[in-house]
Amino acid sequence: MGTVDNKDDPYVHPRMNNESRVKVPPPQSFFKSLQASLKETFFADDPLKQFKNQSKSKKFILGLQYFFPILVWAPNYRLDLLKSDLIAGITIASLAIPQGISYAKLAQLPPIYDSNFVPPLVYAMMGTSKDVAIGNVAVGSLLMGTMLSSVATPEDDPTLFLHLAFTATLVAGVFKLALGLLRLGFLLDFLSHAAIVGFMGGAATVVCLQQLKDIFGLIHFTQATDVISVLQSVFTQHSQWRWQSAVLGCGFLLFLLITKYLVGTLQKGINPSSFGDFVFDSPYFAVAIKTGIVAGIIAMAEGLAVSRTFAMSKNYNIDGNKEMVAYGMMNIIGSFTSCYITSGPCSRAAVNYNAGCKTAVSNIVMSITVMITLLFLTPLFYYTPLVVLSSIIVAAMLTLIDYEGVILLWKSDKFDFAVCITAYIGVVFGSVEIGLGAAILLSMLRVLLFVARPRTTILGNVPNTTFYRCVEHFPTAQTVPGMLILEIGAPIYFANSSYLRERIVRWIDEEEERMKLSGDAHLQFVILDMRAVTCIDTSGISMFDEVNTMIERRGLQLVLASPGSEVMKKLDRSGFLGKLGQEWVHLTVGEAVGACKYLFHDTYKSKSTDEAENCSNNV
C-alpha cells in the first residue's frame with residue numbers, strides 16, 4: 001500500500017498528520033491508577049478537600065459541621081423563616097399522629113410506638129434535606145410486621161415481638177450507618193427505578209388488601225400477605241362480615257356513632273427506654289437481622305428518592321452518604337427509645353413541602369408537637385375507630401401506586417416494564433421478600449445483559465457532514481465502499497469478549513456476502529469506533545489480537561477510531577499497538593475513513609499501473 005505523500009490528492013484527509021494521531025498516555029504507576037479509581041468510586045465529591053491546609057481547631061470545627069449540618073445553617077437562620085417552618089411542622093404533626101398509629105398497626109405494634117419524637121430531632125441535626133419529614137413508612141412497617149411474624153406473633157408473645165422490632169430497628173440503623181461511613185451508597189443504585197415502582201405498587205396493593213380485615217370487621221385473619229390467601233380468608237368468613245362497618249366506613253360521622261371496634265387505651269407519656277430490650281438469641285436474632293436489612297433498605301431507598309426529588313425542585317444538593325449516616329443514627333437512637341424503623345416517607349415530605357417548609361426546623365416543630373401529644377393528649381385517641389385507621393392507610397397506599405410511571409415504562413422500555421410487573425406480581429401473589437428478590441435479580445440480569453451482550457451497529461456517513469451514525473437510526477446515512485464501520489457500544493471485558501469476537505466476524509461475513517451480491521467494491525478495511533469503550537481487560541485485548549489475525553488472513557486491514565486513554569495504555573503495554581501499527585489508530589471515524597480512502601485509492605492506482613504494464617508486456 002502507498003504512503004501519504006501527495007497533499008493534492010483528493011483522498012487525503014486534511015487532518016491526517018502526526019499531530020492528529022492517537023497518542024499513548026504517559027505511563028502511570030499501578031498504585032496511582034488504583035488510587036484514582038478508588039477515589040472516583042468512593043470519594044467522587046472529594047469530602048476531604050475542605051480540610052486541606054487548615055489548622056487543627058478549624059479541622060475539628062469542619063468535622064463537626066460535616067456530621068452535623070445544623071451547625072452550618074443554624075447560625076444563619078432567620079426569624080422570617082420560622083413562621084413557615086412552624087406552620088409546616090404543625091401541619092405534618094397533624095398528619096403524623098393518625099398516620100403513625102395506622103402504620104404501627106401495619107407493623108403489628110401497639111399504637112404508641114409509632115409516635116416517637118426522637119428520630120426527627122436526630123435528623124434535623126444530621127440530615128441535609130430541607131423538605132424530608134421523618135416518620136415511619138408504610139412498606140417498612142408492613143415488611144417488619146410480616147417478617148417478624150415468622151418467628152413470633154404479637155398475639156402469642158407480644159413482649160418478644162416488640163423486642164424483636166427494636167432489635168431489627170437497631171440492625172437497620174447500624175446497616176445504614178455503615179453504608180454511609182463506608183461510602184457504599186452506590187450499592188442502592190442496583191435497585192432500579194422500575195423495580196422500586198413495581199415493588200412499591202405491589203406492597204401498596206398488599207397493604208390495602210390487609211385492611212379488608214377491619215373494613216369487614218373480621219376478628220380472625222390470615223398472617224399471609226399474598227392476594228390469594230387474603231381473599232380466601234375474607235370470603236371463607238363471609239358469614240362474619242359486618243356490612244355496617246364496610247358501609248359506614250365511607251362516612252366517619254355516622255360510623256363514629258355505631259362502631260364497636262376502637263383503638264383502645266394509648267399509653268400516656270414519653271416512650272420508655274428500650275436499651276435493654278434487644279434480642280440477640282438464636283434463632284430470633286437471625287430474623288431480626290434479615291428484617292432490619294430488608295426493611296431498612298426499602299425505607300432508606302424511599303427516603304433518599306424523596307430527598308433527591310424535592311432537592312431538585314428547590315435547586316439545592318443533598319449528600320447521599322450524609323443522609324445514610326443520618327438515617328442510621330436516628331434509627332440506632334430510635335431503637336433505644338422504643339421506636340421502630342423510620343425514614344422519610346413520601347406522604348409526609350409532600351405535606352411538608354406544600355405547607356411551605358424552609359428548613360429542617362419543621363422536623364423540630366413536628367417533634368415538639370408529637371411530644372406534647374404524648375404527654376397530654378393521648379387519651380383523646382381512645383375512640384378512634386379501626387376502620388378510620390384502615391381508611392387512612394388505604395388513602396396513603398393509593399398514592400404509592402404509580403400508574404403513570406408504569407405506563408411510561410411500557411412506552412419507553414419494555415424490559416423495565418417487565419421488571420416492574422415481575423416485582424408487583426412477586427409481592428402480590430408471593431410475599432414482599434419474593435417480590436423484592438425478583439426485582440433485584442431482574443435488575444442485575446439487565447446489567448449483566450448490557451455487559452455480556454453489548455450492542456454493535458454499522459455506521460454510515462450522514463450526507464453533507466463528517467459525522468458517522470447508525471444506519472438504522474439514520475436511514476439516509478451512507479456506507480462507505482470498501483469499508484465496514486462498526487461501533488462497539490460498551491467496555492470490553494471477559495464477559496463479552498467472546499461474543500464481540502463472534503459478532504464482528506459475523507458482521508464481516510455478512511458485509512462480504514452483501515458486496516458480492518451487489519457487485520460493490522471488495523471489502524478492504526474494518527473500522528471499529530471505540531468511543532463507548534471506556535476500558536478493556538486482558539480478555540478484551542486477546543479478542544482484538546484474534547480479530548486482527550483473522551482479518552489479516554482475509555487480506556483485510558483493522559482500523560481503530562476514537563480509543564480512550566485507558567484503552568490505549570493497555571493496548572500499548574500488551575504489544576497489540578506494535579502489531580497493528582500506530583498508523584491504523586485515528587482520533588475520529590472521519591479521519592480513519594479519510595486515511596483509508598487515500599490508501600484504497602493509492603492501492604487501486606498501483607494495481608491499475610501493474611495491470612497496464614502486464615498488458616503491454618503481453619502485447
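Which residue in strand 2 is the bridge partner of Leu459? The close-up views below, taken from a predicted model, begin with that pairing.

**View 1. Strand 1 and strand 2 are joined in an antiparallel pair.** Leu459 has Cys470 of strand 2 as its bridge partner. Strand 1 covers residues 456-461, and three bridges join this strand to strand 2, the two running antiparallel to each other.

**View 2. Helix 5 and helix 14 cross with their axes within 9 Å.** Helix 5 consists of residues 118-126 and helix 14 of residues 320-336, and their axes cross at roughly 150°. Because angles over 145 degrees count as roughly antiparallel, helix 5 is described as roughly antiparallel to helix 14. The crossing of the two helices is right-handed. On the side of helix 5, the contact is made by Val118, Pro119, Val122, Tyr123 and Met126. Helix 14 contributes Lys322, Glu323, Val325, Ala326, Tyr327, Met329, Met330, Ile333 and Gly334. Sorted by class, the residues in this contact between helix 5 and helix 14 are eleven nonpolar, one polar and two charged.

**View 3. Asn53 has a positive phi in the loop between helix 1 and helix 2.** Most residues other than glycine have a negative phi. Asn53, although it is not a glycine, has a positive phi of about 60°. Asn53 is exposed, with a relative accessible area of 83%.

**View 4. Ser338 has a positive phi in the loop between helix 14 and helix 15.** The phi of Ser338 is near 60°, which is a positive value in a residue other than glycine. Ser338 is found in the loop that lies between helix 14 and helix 15, the latter made of residues 346-354. Is Ser338 buried or exposed? Ser338 counts as buried, because its relative accessibility is 2% and the cut-off for a buried residue is under 20%.

Notes. Residues numbered from 1 in each chain as written. Predicted model: local features only at pLDDT ≥ 70, side-chain atom pairs only at ≥ 80, totals over all residues. Heavy atoms only, no water. Pairing = 2+ DSSP bridges. Helix = DSSP H or I, 4+ residues; strand = E, 2+ residues; numbered from the N terminus. Axes fitted to C-alpha atoms, helices over the stretch in contact; angles between N-to-C directions. Parallel < 35°, antiparallel > 145°, perpendicular 65-115°, else oblique. Left-handed = near helix turned anticlockwise from the far one by under 90°. Contact = heavy atoms within 4.5 Å. Nonpolar A, V, L, I, M, F, W, Y, C, P; charged D, E, K, R; others polar. Buried < 20%, exposed > 50% of the residue type's maximum accessible area, 1.4 Å probe, protein only.
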